[in-house]
Amino acid sequence: MNRSMKILIVEDDVLTGLDIRETIQEFGHTVTAIARSLEQAVSAVKQHPPDLVLIDVHLGDSKPNGIATARELLTYHAMPIIYLTANSETQTFQSAKETLPSAYLLKPFRADELKLQIELAYYHFQARLNNSLNTLSSEQVFLPVDKGYEKINANDVIYVEADGSYTKVFLLGQKQPYQVSANLSHIAQYFPSANFYRLSRSLLINLNYIKRLEDNYLFLNDNQTVLQMPASSRKELMKKLKIVRTK
């Protein structure tokens, strides 16, 4: 694998972060940022979405740890996670497993080991994604419903909304949404077409169903739904739409 990746490092120790960055760059990859906290990591993901993230499990006594940080980052962007830690405690490892990491490397790790784990993590992540998306046509999606799976047409999806640990999928002509036990970032990968746009951390919308924009609100074609649009997303959304501008 010769692909150059964009990698985010989340590490509170400055010298350790710089050492990891140097190692990563020697592999031929690009480090998008070295984040020392949850806030910095979220900002880095928003500005430059990485292909993969390396996270230290312990980010200082007063900060959310790396596992909590990983959970938060995955609500913004789906990507493989590799934990780097000096902690081999079973409880910590079990907690980390819940975020489905691609690897859990104990410090001190060897550079060649890290290189292989990065390549394997990205390869398996892309393989799983491609298998999920190529099994059916891009219009057909099967949602887990009532202990089974129900087929929907992605073109009928008006918007998708995060609701705690669940995600609601709203379809045209259907009063009640489907409720799926997964975060929005995970669900969003099944709606990859250009018609879908991540309006905010909690909303994925189908651009084909926007009827009207007014201030910071979107009115959808079902004549019932009004969505609040974050001011920070308005400019980017306008670029996605064919807007007739006047002087």
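What percentage of the 247 residues of the protein chain count as buried? The figure is 41%, where buried means under 20% relative accessible area, exposed means over 50% and partly exposed lies in between, with a 1.4 Å probe and protein chains only.

Before I continue, a word on the source. This is a predicted model, in which local features need pLDDT of at least 70 and side-chain atom pairs count only at pLDDT 80 or more, while totals for chains, interfaces and linings use all residues. Residues are numbered from 1 along each chain as its sequence is written, and side-chain values use heavy atoms, leaving out hydrogens and water.

I begin with the overall fold. The protein chain has 7 helices and 15 strands; these are DSSP runs numbered from the N terminus, with helices (H or I) of at least four residues and strands (E) of at least two. The radius of gyration is 20 Å, close to the 18 Å that the globule rule gives for 247 residues, so the chain is as compact as a globular protein of that length. That radius is taken over C-alpha atoms, and the rule is 2.2 Å times the number of residues to the power 0.38.

I turn now to helix α3. This helix spans residues 66–74 and is mostly covered, with 7 of its 9 residues buried. Among them are Ile67, Ala70, Leu73 and Leu74. The buried residues of α3 pack against several elements, including β1 (6–10), β3 (52–56) and α6 (184–188). At the start of the helix, a side-chain oxygen of Asn65 comes to within 3.1 Å of the backbone nitrogen of Ile67.

Thr75 sits in the loop between α3 and β4. Is Thr75 buried or exposed? Its relative accessible area is 16%, so Thr75 is buried. A polar atom of its side chain lies 2.5 Å from the backbone oxygen of Glu72. Leaving aside residues up to four places away in sequence, Thr75 touches Ser185, Arg198 and Arg201, a contact being heavy atoms within 4.5 Å.

Finally, some backbone details. Most residues other than glycine have a negative phi, and most peptide bonds are trans. Leu100, in the loop between α4 and β5, has a positive phi of about 55° and, at 70% relative accessibility, counts as exposed. Asp215, between β13 (210–214) and β14 (217–220), also has a positive phi, near 55°; its relative accessibility of 57% makes Asp215 exposed. The peptide bond from Lys107 to Pro108 is cis, with omega near -5°, and Pro108 lies in the loop between β5 (103–106) and α5 (111–134).

Methods
Polar contact = N/O pair within 3.5 Å; in protein donor to acceptor, adjacent residues only side chain to side chain.
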